[in-house]
Amino acid sequence: MHGRVEGATGRCAVPGCRALGEYKAPVQPANFDGPGVYTLLCLDHVREHNSKYNFFDGMSAEQIAEAQSPIAGWDRSTRAFASAGADPAPSWSDFSDPLDAISARFRHVRREQSSRFTAAERRALSVLGLGEDATLKAVRSQYSKLVRRFHPDRNGGDRSHEKQLGEVIDAYQALKKAAGFA
Ligand SMILES: [Zn+2]
(Lines give C-alpha, C1' and ligand atoms only; values in the text may rest on other atoms or scores of the structure.)
Protein backbone atom coordinates (compact mmCIF):
# COMPACT_ATOMS: atom_id res chain seq x y z
CA MET A 1 0.00 0.00 0.00
CA HIS A 2 2.82 2.40 0.79
CA GLY A 3 4.93 3.55 -2.12
CA ARG A 4 8.25 1.95 -1.29
CA VAL A 5 11.21 3.52 -3.06
CA GLU A 6 13.71 0.91 -4.24
CA GLY A 7 17.32 1.72 -3.43
CA ALA A 8 16.55 4.70 -1.18
CA THR A 9 19.64 5.79 0.73
CA GLY A 10 18.47 8.90 2.63
CA ARG A 11 17.29 9.10 6.22
CA CYS A 12 13.64 9.35 7.27
CA ALA A 13 12.49 12.98 7.09
CA VAL A 14 11.25 12.97 10.70
CA PRO A 15 13.78 14.95 12.74
CA GLY A 16 15.85 12.67 14.96
CA CYS A 17 14.79 9.46 13.21
CA ARG A 18 17.81 7.50 11.99
CA ALA A 19 15.91 4.89 9.98
CA LEU A 20 16.07 4.67 6.19
CA GLY A 21 13.48 6.89 4.50
CA GLU A 22 12.17 4.52 1.87
CA TYR A 23 8.41 5.15 1.89
CA LYS A 24 6.71 8.00 0.11
CA ALA A 25 4.48 10.07 2.35
CA PRO A 26 2.20 12.41 0.43
CA VAL A 27 2.19 15.96 1.76
CA GLN A 28 0.16 17.25 -1.16
CA PRO A 29 -2.20 15.06 -3.16
CA ALA A 30 -1.70 14.52 -6.86
CA ASN A 31 -5.02 16.00 -7.87
CA PHE A 32 -4.64 19.63 -6.87
CA ASP A 33 -2.48 21.99 -8.86
CA GLY A 34 0.04 19.51 -10.14
CA PRO A 35 1.78 16.22 -9.47
CA GLY A 36 1.83 15.14 -5.85
CA VAL A 37 4.57 16.20 -3.47
CA TYR A 38 6.10 13.56 -1.25
CA THR A 39 8.51 13.32 1.58
CA LEU A 40 10.42 10.13 2.38
CA LEU A 41 9.80 8.42 5.71
CA CYS A 42 10.63 5.13 7.39
CA LEU A 43 7.87 2.50 7.61
CA ASP A 44 6.88 3.43 11.18
CA HIS A 45 6.65 7.11 10.39
CA VAL A 46 4.80 6.67 7.09
CA ARG A 47 2.19 4.61 8.95
CA GLU A 48 1.90 7.30 11.58
CA HIS A 49 1.68 10.00 8.88
CA ASN A 50 -1.10 8.20 7.01
CA SER A 51 -3.21 7.38 10.06
CA LYS A 52 -2.79 10.87 11.49
CA TYR A 53 -3.97 12.72 8.40
CA ASN A 54 -6.38 10.17 6.96
CA PHE A 55 -4.95 11.01 3.61
CA PHE A 56 -6.58 8.01 1.96
CA ASP A 57 -9.99 8.44 3.54
CA GLY A 58 -12.71 8.24 0.96
CA MET A 59 -10.36 7.12 -1.80
CA SER A 60 -10.76 3.89 -3.73
CA ALA A 61 -7.86 1.44 -3.98
CA GLU A 62 -7.34 2.67 -7.53
CA GLN A 63 -7.15 6.30 -6.43
CA ILE A 64 -4.68 5.41 -3.66
CA ALA A 65 -2.48 3.57 -6.15
CA GLU A 66 -2.67 6.55 -8.46
CA ALA A 67 -1.84 9.01 -5.69
CA GLN A 68 1.19 6.86 -4.82
CA SER A 69 2.46 6.72 -8.37
CA PRO A 70 5.61 8.78 -8.98
CA ILE A 71 4.13 9.80 -12.33
CA ALA A 72 0.66 10.28 -10.91
CA GLY A 73 -1.55 11.44 -13.74
CA TRP A 74 -2.99 14.39 -11.88
CA ASP A 75 -5.03 15.36 -14.90
CA ARG A 76 -6.68 11.93 -14.90
CA SER A 77 -7.36 11.91 -11.17
CA THR A 78 -8.77 15.44 -11.34
CA ARG A 79 -11.31 14.19 -13.82
CA ALA A 80 -12.10 11.17 -11.63
CA PHE A 81 -12.84 13.48 -8.72
CA ALA A 82 -14.80 15.86 -10.88
CA SER A 83 -17.04 13.05 -12.11
CA ALA A 84 -17.51 11.90 -8.52
CA GLY A 85 -19.25 15.22 -7.97
CA ALA A 86 -16.58 17.06 -6.02
CA ASP A 87 -16.17 20.79 -6.31
CA PRO A 88 -13.04 22.16 -7.96
CA ALA A 89 -10.10 21.65 -5.66
CA PRO A 90 -9.67 24.35 -3.04
CA SER A 91 -6.52 26.31 -3.71
CA TRP A 92 -3.68 26.03 -1.24
CA SER A 93 -3.79 29.72 -0.47
CA ASP A 94 -7.27 29.26 1.02
CA PHE A 95 -5.76 27.31 3.89
CA SER A 96 -3.07 28.13 6.35
CA ASP A 97 -2.01 24.48 6.52
CA PRO A 98 -2.03 22.31 3.38
CA LEU A 99 -3.26 19.38 5.44
CA ASP A 100 -6.43 21.32 6.23
CA ALA A 101 -6.98 21.52 2.50
CA ILE A 102 -6.57 17.76 2.16
CA SER A 103 -9.11 16.96 4.84
CA ALA A 104 -11.53 19.64 3.60
CA ARG A 105 -11.36 18.12 0.16
CA PHE A 106 -12.05 14.60 1.28
CA ARG A 107 -14.71 15.58 3.79
CA HIS A 108 -16.53 17.03 0.81
CA VAL A 109 -16.10 13.87 -1.29
CA ARG A 110 -17.48 11.75 1.54
CA ARG A 111 -20.50 14.00 1.87
CA GLU A 112 -21.15 13.73 -1.86
CA GLN A 113 -20.99 9.96 -1.69
CA SER A 114 -23.59 9.85 1.07
CA SER A 115 -26.13 11.86 -0.95
CA ARG A 116 -29.48 10.19 -1.55
CA PHE A 117 -29.28 11.43 -5.16
CA THR A 118 -27.08 10.47 -8.10
CA ALA A 119 -24.89 13.10 -9.76
CA ALA A 120 -27.42 13.38 -12.63
CA GLU A 121 -30.26 13.84 -10.16
CA ARG A 122 -28.34 16.54 -8.30
CA ARG A 123 -27.79 18.35 -11.61
CA ALA A 124 -31.51 18.02 -12.32
CA LEU A 125 -32.33 19.53 -8.91
CA SER A 126 -30.10 22.51 -9.66
CA VAL A 127 -31.81 23.00 -13.05
CA LEU A 128 -35.06 23.32 -11.10
CA GLY A 129 -33.36 25.63 -8.63
CA LEU A 130 -33.81 23.18 -5.78
CA GLY A 131 -31.43 21.77 -3.18
CA GLU A 132 -30.95 18.21 -2.01
CA ASP A 133 -33.45 18.73 0.78
CA ALA A 134 -36.25 19.11 -1.78
CA THR A 135 -39.31 16.87 -1.54
CA LEU A 136 -40.97 15.24 -4.57
CA LYS A 137 -43.88 17.59 -3.99
CA ALA A 138 -41.55 20.59 -4.26
CA VAL A 139 -40.08 19.11 -7.46
CA ARG A 140 -43.56 18.79 -9.01
CA SER A 141 -44.56 22.27 -7.96
CA GLN A 142 -41.33 23.86 -9.23
CA TYR A 143 -41.64 21.87 -12.47
CA SER A 144 -45.12 23.16 -13.23
CA LYS A 145 -44.08 26.70 -12.31
CA LEU A 146 -41.09 26.62 -14.69
CA VAL A 147 -43.00 24.94 -17.52
CA ARG A 148 -45.55 27.75 -17.32
CA ARG A 149 -42.75 30.31 -17.29
CA PHE A 150 -40.87 28.89 -20.30
CA HIS A 151 -43.65 27.44 -22.49
CA PRO A 152 -44.15 29.34 -25.78
CA ASP A 153 -47.94 29.06 -25.43
CA ARG A 154 -47.66 31.07 -22.24
CA ASN A 155 -45.32 33.62 -23.77
CA GLY A 156 -47.34 34.75 -26.77
CA GLY A 157 -45.55 32.25 -29.02
CA ASP A 158 -42.09 33.42 -27.92
CA ARG A 159 -39.82 30.39 -28.44
CA SER A 160 -36.69 31.92 -26.93
CA HIS A 161 -37.05 29.82 -23.77
CA GLU A 162 -37.28 26.47 -25.56
CA LYS A 163 -33.86 25.33 -24.45
CA GLN A 164 -34.66 26.09 -20.81
CA LEU A 165 -38.02 24.38 -21.18
CA GLY A 166 -36.27 21.28 -22.54
CA GLU A 167 -33.85 21.26 -19.61
CA VAL A 168 -36.68 21.61 -17.11
CA ILE A 169 -38.57 18.71 -18.71
CA ASP A 170 -35.45 16.52 -18.75
CA ALA A 171 -34.78 17.40 -15.11
CA TYR A 172 -38.28 16.41 -14.09
CA GLN A 173 -38.06 13.13 -16.02
CA ALA A 174 -34.85 12.32 -14.14
CA LEU A 175 -36.28 13.27 -10.75
CA LYS A 176 -39.78 11.83 -10.79
CA LYS A 177 -38.37 8.31 -10.60
CA ALA A 178 -35.43 9.16 -8.32
CA ALA A 179 -34.88 6.50 -5.65
CA GLY A 180 -33.94 9.28 -3.23
CA PHE A 181 -37.60 10.25 -2.91
CA ALA A 182 -38.76 6.70 -2.15
ZN1 LIG B 1 11.27 7.56 10.81
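Which residues have the most contacts inside the largest nonpolar core? They are Leu125, Leu128, Leu130, Val139, Val168, Leu175 and Phe181, in a core of 18 residues. Keep in mind as you look around that this is a predicted model.

**The overall layout**

Let's step back for a moment. The protein has seven helices and three strands. Starting from the N terminus, the order is β-β-β-α-α-α-α-α-α-α. Of its 182 residues, 37% count as buried. If you take the contacts with a separation of 6 or more, residues 24 or more positions apart account for 47% of them.

The elements giving two or more residues to it are α5 (119–127), α6 (136–150) and α7 (162–176). Another core, of seven residues, lies apart from the largest one, and its members include Tyr23, Ala25, Cys42 and Val46. As a general point, nonpolar side chains in soluble globular proteins tend to be buried together.

**The zinc site**

Cys42 turns up again at the metal: the zinc ion is coordinated by Cys12 (SG), Cys17 (SG), Cys42 (SG) and His45 (ND1), at 1.9 to 2.4 Å. The angles among these four donor atoms run from 102 to 115°, and the site is tetrahedral. Along the sequence, the donor residues follow the spacing C-x4-C-x24-C-x2-H. Cysteine 17 sits in the loop between β1 (3–4) and β2 (23–28), while histidine 45 belongs to helix α1 (residues 43–53), so this pair ties together parts that are 28 residues apart in sequence.

As for disulfides, the structure holds zero of them.

| Residue | Relative accessible area |
|---|---|
| Proline 152 | 9% |

Now for the aromatic rings, where the count comes to two pairs. In one of them, the rings of tyrosine 143 and tyrosine 172 have their centres 4.0 Å apart and their planes at 10°, so the pair is stacked. Tyrosine 143 is in helix α6 and tyrosine 172 is in helix α7, 29 residues apart, and the pair links distant parts of the chain. Are these tyrosines buried or exposed? Both tyrosine 143 and tyrosine 172 are buried.

**The loop between α6 and α7**

One last stop is proline 152, found in the loop between α6 and α7. Proline 152 is buried, with a relative accessible area of 9%. Not counting residues up to four places away in sequence, proline 152 touches Gly157, Asp158, Arg159, Glu162 and Leu165. Take Leu165 from that list: the C-alpha atoms of proline 152 and leucine 165 are separated by 9.1 Å, and the two residues are 13 residues apart along the chain.

Methods: Residues are numbered from 1 along each chain as its sequence is written. This is a predicted model: local features need pLDDT of at least 70, side-chain atom pairs count only at pLDDT 80 or more; totals for chains, interfaces and linings use all residues. Side-chain values use heavy atoms; hydrogens and water are left out. Donors are N, O and S atoms within 2.8 Å of the metal (3.2 Å for Na, K and Ca); water is not among the atoms, so sites may look incomplete. Four donors count as tetrahedral if all angles lie between 85 and 135 degrees; four count as square planar and six as octahedral if opposite donors are over 155 degrees apart and all others between 65 and 115; anything else is irregular. Helices (H or I, at least four residues) and strands (E, at least two) are DSSP runs, numbered from the N terminus. A nonpolar core is a set of buried Ala, Val, Leu, Ile, Met, Phe, Trp, Tyr and Cys residues joined through side-chain atoms within 4.5 Å. Buried means under 20% relative accessible area, exposed over 50%, partly exposed in between (1.4 Å probe, protein chains only). A disulfide is a pair of cysteine sulfur atoms within 2.5 Å. Rings of Phe, Tyr and Trp (its six-membered ring) pair if their centres lie within 6.5 Å; planes under 30 degrees apart count as stacked, over 60 as edge-to-face and the rest as tilted. Contact means heavy atoms within 4.5 Å.
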